[in-house]
Amino acid sequence: MSNPQPPDSPPTPNEDFAKQAAHSSPGIVREFGQFLVENKKWWLIPILVAVGLITVLVAASSSPLAPLIYPLF
């Protein structure tokens, strides 16, 4: 049998890794939001919104919604 460590000792690297691996990931959107908040990269938000809108327009141009998009331009 191995000797158990006292409860006040720091976890070994293997225990710490296993503990972090057991947690589920927060998701890409939430992780990116945390990145924006922690690093104060607020200028990225308008760029992402513009890229998102262009993506939606391109995707909609090949769908039955295309005739409704043409009057916008």
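Val-49 is found in helix α3 of this predicted model. With a relative accessibility of 47%, Val-49 counts as partly exposed, because that class lies between the 20% limit for buried residues and the 50% limit for exposed ones. Val-49 also takes part in a nonpolar patch on the surface, together with Val-37, Trp-42, Ile-45 and Leu-53. The accessible area of these residues together is about 480 Å². Helix α3, which covers residues 44-61, gives the most to this patch, contributing three residues.

Helix α2 spans residues 28-39 and has twelve residues. From its first C-alpha to its last, α2 reaches 16 Å, close to the 16 Å expected at 1.5 Å a residue. The residue that follows α2 is Lys-40, and its phi is positive, near 50 degrees. This positive value occurs although Lys-40 is not a glycine.

Lys-40 lies in the loop between α2 and α3, and the place of Lys-41 is in the loop between α2 and α3 as well. Lys-41, with a relative accessible area of 29%, is partly exposed. As for the surroundings of Lys-41, its contacts include Phe-35 and Leu-36, when residues up to four places away in sequence are not counted.

A look at the whole chain places these details in context. The secondary structure comes to four helices and zero strands, so that, read from the N terminus on, the elements run α-α-α-α. The chain has 73 residues, and buried residues make up 7% of them. Its accessible surface comes to about 6800 Å². Carbon and sulfur atoms account for 69% of that surface.

Terms used: Residues are numbered from 1 along each chain as its sequence is written. This is a predicted model: local features need pLDDT of at least 70, side-chain atom pairs count only at pLDDT 80 or more; totals for chains, interfaces and linings use all residues. Side-chain values use heavy atoms; hydrogens and water are left out. Helices (H or I, at least four residues) and strands (E, at least two) are DSSP runs, numbered from the N terminus. The expected span of a helix is 1.5 Å times one less than its number of residues. Patches are made of residues with over 30% relative accessible area and no salt bridge: like charges are joined within 9 Å, nonpolar side chains (Val, Leu, Ile, Met, Phe, Trp, Tyr) within 5 Å. Accessible areas come from the Shrake-Rupley method with a 1.4 Å probe; for residues, only the protein chains shown count as cover. A salt bridge is a side-chain nitrogen of Lys or Arg within 4 Å of a carboxyl oxygen of Asp or Glu. Buried means under 20% relative accessible area, exposed over 50%, partly exposed in between (1.4 Å probe, protein chains only). Contact means heavy atoms within 4.5 Å.
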